[in-house]
Amino acid sequence: MPRIIPIRELKNTNSIAELCRSTGEPIFVTRNGYGELVVMSMDTYEEQLRRLELYQELALSEKQFDEGRTKDAGAALSDVRAKYGL
């Protein structure tokens, strides 16, 4: 369940940092009842970036497949073997 805190609670940075690390989830910060910031640990941020990169690669692969830009697995392996002398 997402954790939502008012911006005034950011004064206690140590407890916010510990909460981010312990839950592994982002914390949503509000100002006057509206979303203002998202705070997360570096590990969570890096995981989000890795996931985004994976989704981008999958989207590119689906686009290439839809365009018919595919290659037979045997031919692809032969190309890799030739390229790397395997």
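**Helix, sheet and salt bridges**

Mentor: Leucine 49 is found in helix H2 (residues 42-66); helices (H or I, at least four residues) and strands (E, at least two) are DSSP runs, numbered from the N terminus. This is a predicted model: local features need pLDDT of at least 70, side-chain atom pairs count only at pLDDT 80 or more, and totals for chains, interfaces and linings use all residues. Residues are numbered from 1 along each chain as its sequence is written, and side-chain values use heavy atoms, with hydrogens and water left out.

Trainee: Is leucine 49 buried, partly exposed or exposed?

Mentor: Buried means under 20% relative accessible area, exposed over 50%, partly exposed in between (1.4 Å probe, protein chains only). Leucine 49 has 35% relative accessibility, so the class is partly exposed.

Trainee: What is the order of the strands in the open sheet?

Mentor: Two strands pair if DSSP finds at least two bridges between them. The sheet is open, with three strands and mixed pairing. Strand S1 (3-6) and S3 are the edge strands, each pairing on one side only. The order is S1-S2-S3.

Trainee: In which sense do S2 and S3 pair?

Mentor: Strands of a sheet pair through backbone hydrogen bonds, either parallel or antiparallel. Phenylalanine 28 stands opposite valine 38 in S3. S2 and S3 have five bridges, and the sense is antiparallel.

Trainee: Is threonine 30 buried or exposed?

Mentor: Threonine 30 lies in strand S2. Contact means heavy atoms within 4.5 Å. Leaving aside neighbours within four places in sequence, threonine 30 is in contact with Ile4, Ile5, Pro6, Ile7, Gly35 and Glu36. Its relative accessible area is 18%, so threonine 30 is buried.

Trainee: What is the phi of asparagine 32?

Mentor: Most residues other than glycine have a negative phi. Asparagine 32 sits in the loop between strand S2 (27-31) and strand S3 (34-39). Asparagine 32 is exposed, at 72% relative accessible area. Although not a glycine, asparagine 32 has a positive phi, of about 55 degrees.

Trainee: What separates arginine 21 and glutamate 18 in helix H1?

Mentor: A salt bridge is a side-chain nitrogen of Lys or Arg within 4 Å of a carboxyl oxygen of Asp or Glu. The side chains of arginine 21 and glutamate 18 meet in one (3.3 Å, N to O). They are three residues apart in helix H1, so the separation is about one helical turn.

Trainee: Which residues are linked with Glu47 in a network of salt bridges?

Mentor: Glutamate 47 and arginine 51 meet in a salt bridge (3.5 Å, N to O). They are four residues apart in helix H2. The residues linked with Glu47 are Arg50 and Arg51.
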